[in-house]
Amino acid sequence: MPVRQMKENSEQHLVINNHLQNTMNPVQRAPKTAQNGKGPPAAHEPQNRKQPHDQTSPPTKNRGRRRGGRKSDQGDALCMRQSSRPCTVAHKPVNPAADDLVAATSNGSIQNGHNLCGMEMGFPTSSKSLNFAPRPGYGQVGTRCIVKANHFFAELPEKDLNQYDVTITPEVASRTVNRAIMAELVRLYKESDLGMRLPAYDGRKSLYTAGKLPFTWKEFTIKLVDEEGGINGPKREREYKVVIKFVARANMHHLGQFLAGKRADAPQEALQILDIVLRELSTKRYCPIGRSFFSPDIRTPQRLGDGLESWCGFYQSIRPTQMGLSLNIDMASAAFIEPLPVIEFVAQLLGKDVLSRPLSDADRVKIKKALRGVKVEVTHRGNVRRKYRVSGLTSQPTRELVFPVDDNSTMKSVVEYFQEMYGFTIQHAHLPCLQVGNQRKANYLPMEACKIVEGQRYTKRLNERQITALLKVTCQRPRDRENDILQTVRHNAYDQDPYAKEFGIKISEKLASVEARILPAPWLKYHETGKEKDCLPQVGQWNMMNKKMINGMTVSQWACINFSRSVQESVARGFCNELAQMCQVSGMEFNPEPVIPIYSARPEQVEKALKHVYHASMNKTKGKELELLLAILPDNNGSLYGDLKRICETDLGLISQCCLTKHVFRISKQYLANVALKINVKMGGRNTVLLDAISCRIPLVSDIPTIIFGADVTHPENGEDSSPSIAAVVASQDWPEVTKYAGLVCAQAHRQELIQDLYKTWQDPVRGTVSGGMIRDLLVSFRKATGQKPLRIIFYRDGVSEGQFYQVLLYELDAIRKACASLEPNYQPPVTFIVVQKRHHTRLFTNNHRDRSSTDKSGNILPGTVVDSKICHPTEFDFYLCSHAGIQGTSRPAHYHVLWDENNFTADGIQSLTNNLCYTYARCTRSVSVVPPAYYAHLAAFRARFYMEPEMQENGSTGGGTGHTKSTRATGESGVRPLPALKENVKRVMFYC
């Protein structure tokens with residue numbers, strides 16, 4: 001869009017904002033002294049004033065003191081372009097930005113005082129100068145109740161915690177070996193050199209003690225027996241030098257102040273030490289993986305098929321909360337490789353008898369993939385159980401394998417060698433051997449002489465059957481999960497834990513009781529012609545009976561392709577008729593007859609079939625666009641679904657709706673009603689809107705044009721080490737309804753969490769520097785769709801872990817600023833940036849499981865339950881919201897963390913808005929567990945995986961394709977091949993639904 005189109009009368013802009021100053025939610029004002037009696041620097045002050053480096057005070061020393069008026073405090077402060085609206089600067093003394101405000105930069109970017117000015121969308125050099133939004137108070141709306149949380153109060157130790165650096169030579173890569181060395185050191189020297197201290201060790205470079213050791217530097221010599229040598233075999237002894245050196249004392253006073261809400265910066269070192277101390281005993285008892293511990297003894301392992309089994313365990317993490325330190329404990333399950341003899345494992349994997357028949361090439365590939373990297377132990381040497389890591393599989397069977405036994409290249413067969421050396425007769429010489437050790441010096445082990453070592457987590461992708469089996473194990477009713485968590489805490493007996501005792505940490509054995517509120521469900525508006533014109537959902541759900549979509553679309557030109565051999569044409573026709581009728585009943589206008597007769601095709605001919613139907617329809621309608629393509633797919637369709645979506649959305653510009661064979665044969669009204677909802681939004685319609693939205697009663701959304709963004713990045717699965725990550729951004733395209741969301745997607749570097757294409761510039765030979773990117777494009781399309789430019793931005797960002805909050809906020813807020821500034825020089829609408837997390841381990845339980853009025857049908861807490869006290873952050877603006885009704889298992893509340901808020905939301909404002917939006921999800925008549933813009937971004941990112949060229953994908957089953965399509969697109973600047981562009985008509989609608 002040309003810049004002049006975006007420009008409006010700036011005086012009118014200011015008038016709106018002055019009016020806003022008086023109507024915005026009142027915010028607690030900071031005491032006058034907080035900013036030395038001054039507001040942020042005036043706009044006429046020099047913009048990038050140089051600060052001498054030696055004047056910069058460390059951020060931690062100035063916490064709690066406003067830096068607005070002190071020049072020396074601003075050296076490393078964050079230059080944040082506030083909105084051109086006067087209200088955001090003058091009205092926000094409690095905004096974290098006020099701690100770090102200096103004059104706005106000319107291009108609207110986040111700058112680091114003195115040294116970021118030249119960087120174009122680079123990483124800011126200092127993130128610690130940025131404070132997150134403080135909590136503006138607590139929510140009051142809703143029915144108050146008590147819930148229990150799986151957080152256990154941890155009493156703070158009064159002892160000094162000391163950190164020591166550990167250097168082990170020769171260097172050891174394995175944490176397990178490091179721990180064994182340290183355990184031996186403690187065993188030998190605890191009572192002498194260590195002065196009776198029992199240290200906690202992180203398995204790498206750090207050792208922690210309660211109180212000081214008698215030395216600041218000491219070297220120890222430790223001899224360790226290699227246990228893999230077996231019982232009667234020769235044991236190898238290795239010698240290690242261990243140097244322990246004092247590094248620092250952890251500041252427990254700082255932690256106490258932080259937990260009391262008197263300091264804003266978390267003392268990560270102290271928290272990390274306490275976490276390691278409380279994990280020390282479990283690390284020795286169980287198999288540690290990430291933050292969880294697993295054991296086959298906690299519950300009997302269940303078979304998952306193909307040589308895998310599920311182990312139960314528990315997750316444990318220490319968290320700073322308003323009630324003080326809290327230990328978060330949750331149940332966990334993971335897939336492990338069954339400790340079977342390798343031959344049995346292979347038989348399970350291939351699902352056939354491998355002893356009698358030779359293996360095919362496909363079998364060999366499958367075995368190699370499954371066993372590469374897996375540890376095995378030999379069983380042919382009696383008590384000697386040496387362990388090896390599998391590196392591959394021989395291409396020849398064992399009977400054909402020979403290797404040199406000396407320097408003269410004297411060759412011996414593997415069969416002879418095992419017979420002569422160990423008296424071991426190889427029975428199954430038709431099978432290949434395992435290759436172990438490194439590839440240069442091949443070591444062959446017959447499969448029948450090996451067993452898989454216990455306790456190896458399976459990290460590759462599980463198949464559908466295995467996922468179903470694992471979910472059966474993990475899916476626990478709330479009451480059962482609560483009991484298991486309590487039993488785990490009792491079993492861990494933290495009061496008897498020698499490490500917890502040594503460090504003076506006491507853990508409560510009771511679940512935290514927390515005050516919660518149940519937010520009311522919003523009224524939903526449907527079309528005036530339906531019997532029911534509006535609706536109040538009950539316990540998170542409602543239905544479409546007697547209701548018509550508020551904006552039902554018209555489908556005149558549609559066609560159907562049937563890819564399922566088992567569906568006859570008459571059955572397909574009957575199904576299409578029923579679906580067309582349901583669309584009509586739901587409020588759409590739907591032509592009962594397709595443009596051309598239903599076309600049957602084979603899945604492998606997907607591209608040819610789609611193009612045939614597309615062109616045949618165009619010919620029939622004399623060039624009118626085909627509006628909708630229905631596709632009937634086999635239940636197990638491999639890459640067909642992904643291929644179809646890729647071709648339709650990036651090549652032909654077709655909107656499609658796929659239906660599985662099982663639904664065609666067993667037509668249910670509920671299924672058809674849900675498909676009708678999806679078709680309507682894909683055509684550009686709206687199913688329902690919030691009654692408060694159309695009567696302009698939503699605080700900080702209804703008053704001025706507001707755009708709501710959702711963003712997510714999906715990463716490739718474990719084991720895929722080169723596939724790109726996919727970023728997706730969606731944005732509302734209607735106001736005041738905020739129901740329709742357009743979506744954009746892009747590929748970026750493998751496992752890159754920051755969204756690279758939010759804003760970008762490039763050089764055009766004719767136009768010079770050109771601005772673009774997903775935020776800019778979506779702002780422009782909002783303007784086109786509504787005729788207004790957004791004067792407020794709400795940005796829900798999914799999938800960010802706590803450790804990445806600073807980075808993501810700095811980088812992505814900067815991109816939003818630049819995208820806005822590129823449209824109009826002083827265009828800086830205020831931004832609220834909220835991270836949405838689902839991958840956390842906080843669970844909420846009803847206070848009384850017998851009280852049916854306090855739970856939904858599944859025994860979970862009621863939809864709308866919100867918690868913003870006790871188990872939440874001591875000072876920052878976060879809350880847990882369970883917005884959905886449970887179906888099975890234990891509901892997981894979403895965790896929302898407001899990192900940045902220039903719109904001055906109250907706690908009630910953002911909590912109610914988020915909860916109400918959860919009732920506007922287009923694909924079903926239920927409130928959903930995550931705010932819809934974040935949900936839609938996730939769907940769009942998932943869809944875009946199918947757009948990757950087939951050879952970019954690991955295999956056909958991930959939605960790849962026929963395997964022979966060659967791509968000619970060049971890779972982008974980041975070395976990642978860009979995704980094929982979405983067609984314009986697809987971009988505008990909710991194609992990802």
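Q: What makes strand S3 (residues 161–169) and strand S7 (residues 236–250) a pair in this predicted model?
A: S3 and S7 are joined in the antiparallel sense over 9 bridges. A pair needs at least two bridges, so S3 and S7 count as paired.

Q: Which residue of S7 is the bridge partner of Val166?
A: Ile244 is the bridge partner of Val166.

Q: Why are strand S4 (200–201) and strand S6 (217–226) called edge strands?
A: The open sheet has 5 strands, in the order S4-S5-S3-S7-S6, with antiparallel pairing. S4 and S6 each pair on one side only.

Q: Which helix lies across S3, S4, strand S5 (206–210), S6 and S7?
A: Helix H5 (residues 175–189) does, and H5 runs at about 115° to S6.

Q: Why is helix H15 (residues 606–620) called oblique to helix H16 (residues 640–652)?
A: The axes of H15 and H16 come within 10 Å and cross at roughly 45°.

Q: Is the crossing of H15 and H16 right-handed or left-handed?
A: H15 passes H16 in a right-handed crossing.

Q: Which residues meet where H15 and H16 touch?
A: H15 brings Val606, Glu607, Leu610, Lys611 and Tyr614. These meet Leu640, Asp643, Leu644, Ile647, Cys648, Asp651 and Leu652 in H16.

Q: How many residues of each class are in the contact of H15 with H16?
A: There are 8 nonpolar residues, 4 charged and no polar ones.

Conventions:
Residues numbered from 1 in each chain as written. Predicted model: local features only at pLDDT ≥ 70, side-chain atom pairs only at ≥ 80, totals over all residues. Heavy atoms only, no water. Axes fitted to C-alpha atoms, helices over the stretch in contact; angles between N-to-C directions. Helix = DSSP H or I, 4+ residues; strand = E, 2+ residues; numbered from the N terminus. Left-handed = near helix turned anticlockwise from the far one by under 90°. Contact = heavy atoms within 4.5 Å. Nonpolar A, V, L, I, M, F, W, Y, C, P; charged D, E, K, R; others polar.
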